[in-house]
Amino acid sequence: MTSLLTYPGALMKTKHPTKKETLLTTAGRNPAGNFGIVNPPVYHASTVVYPSIAAHDAARKDKFEGVQYGRLGTPTTFAFEEAVAALEGGYRSVSLPSGLSALTTAVLAVVKAGDHVLVSDSVYGPLRIFCEEMLKGLGVEISYFEPLIGAGIAQHLRKNTRLVCVESPGSLTFEVQDVPAIAEAAHAAGALVMIDNTWSAGLYFQPFAHGVDISVQAATKYIAGHSDAMLGVVTTATEAHWRKVKATAAKLGLCAGPDDCYLGLRGIRTLAVRLARHQENGLRLARWLQARPEVARVVHPGLPQDPGHQLWKRDFTGACGLFGVMLKPVPKPAVDAFIDSLELFGLGYSWGGYESLVIPAHPAPLRTATRWEAEGPYLRLHAGLEDSDDQIADLERGFAALHRAA
């Protein structure tokens, strides 16, 4: 049985190269080290006792390897992290209590006072708040850039630019960024590139194959997949950056709970089949909404009419269930009636779970480098795993209610 005081890496390997769908069912498993049990068990732990002072001293030579204290990781933690690193094709991962904590920890790991950080104008709102209300206070310079700038990012890079933050597609307005071009320019200037890769779940976009240095996911979303866990994960391209992220998480006292890591690892096993259904439902709804007279535009990179479609087609292997819908001008009470009449589409934040969701969105106040222009009200939809006929019927009821209230 694998010693609890050693890192249980490379738990289960196949003899031959495998595709992602197969990797998702095998990565992070160690039946031989767990009495033949298929799923790694949940280790609830704070204190870890050592068999001898010699074992203690040996372990402390590298405080980030092996099981040494619950906050630094347990076999459950390591199994989840190994699976995510394999999914994204990175060196190693660090699990955190939420997607936001993963983003902020990754930034703090590589940025110091006097550095400059470039942030996409379409980035996740809470990360923008962190940059404005915390990073600036720590002496870090922040500026924002047009998400579609591509290689033009070079004109915004400074001598002290340390990090470029991208999110592709943006999880609110869904701009697809030319990540390879941005990475090439950033690296030429000595800067790192961090991506929020949650939309692709790490399955439909391989960050490190496109030049990214640090990839972050809100595993709360598609990885966990059941709206019952708060979990974030940072994966890096190199050992050096992994150690910086791990050390920063330790200094901040941040660690993901073992039950959430277990739920994340369980979710990974069905990620490929769930995401395929989310994609199928999402594209069907997007095409159906395109034909509705109430809709001005559907914002979905998987649609040929979308401005980001060609980049998405080049760099991605699929789409998830999250997209935007821009309505034609209509009074707010009519939009409220539309949302309130829905039964399958719940009104709630987050996404990536099995259920469909809708939320009114207001991107304009979050923009400084670009201007968000909308013909009418803007909604963000998440296509869940329900039957798409039932989803469409639900939206039809919504539009009927919208007309009655208009």
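Residues are numbered from 1 along each chain as its sequence is written, and side-chain values use heavy atoms, with hydrogens and water left out. Because the model is predicted, local features need pLDDT of at least 70 and side-chain atom pairs count only at pLDDT 80 or more, while totals for chains, interfaces and linings use all residues.

Helices (H or I, at least four residues) and strands (E, at least two) are DSSP runs numbered from the N terminus, and two strands pair if DSSP finds at least two bridges between them. Seven strands form an open sheet with mixed pairing, in the order S1-S7-S6-S5-S4-S2-S3. Strand S1 (92–96) and strand S3 (141–145) each have a single partner strand and stand at the edges, so one side of each is left without a neighbour in the sheet. On average, neighbouring strands of this sheet are turned by 20° against each other, direction ignored; axes are lines fitted to C-alpha atoms, for helices over the stretch in contact, and angles run from 0 to 180 degrees between N-to-C directions. Within the sheet, strand S2 (residues 116–120) pairs with strand S4 (residues 161–167) in the parallel sense over four bridges. Val-119 has Cys-165 in S4 as its bridge partner.

Helix H5 (residues 125–135) lies across S2, S3 and strand S5 (192–196) and runs at about 150° to S3, where contact means heavy atoms within 4.5 Å. Helix H6 (residues 179–188) lies across S3, S4 and S5, at about 150° to S5.

A second open sheet, also of mixed pairing, has five strands in the order S8-S9-S12-S11-S10. Its edge strands, strand S8 (295–299) and S10, each pair on one side only. Strand S9 (residues 322–327) and strand S12 (residues 378–382) pair in the antiparallel sense over five bridges, and Leu-322 stands opposite His-382 in S12. Helix H9 (residues 271–290) lies across S8, S9 and S12, running at about 10° to S9.

Rings of Phe, Tyr and Trp (its six-membered ring) pair if their centres lie within 6.5 Å; planes under 30 degrees apart count as stacked, over 60 as edge-to-face and the rest as tilted. By this rule there are seven aromatic pairs. The rings of Tyr-222 and Trp-351 have centres 5.7 Å apart and planes at 65°, so the pair is edge-to-face. These two residues are 129 residues apart in the chain, and both are buried (under 20% relative accessible area, with exposed over 50% and partly exposed in between; 1.4 Å probe, protein chains only). Ring pairs also link Trp-199, Phe-205 and Phe-316 into a cluster.
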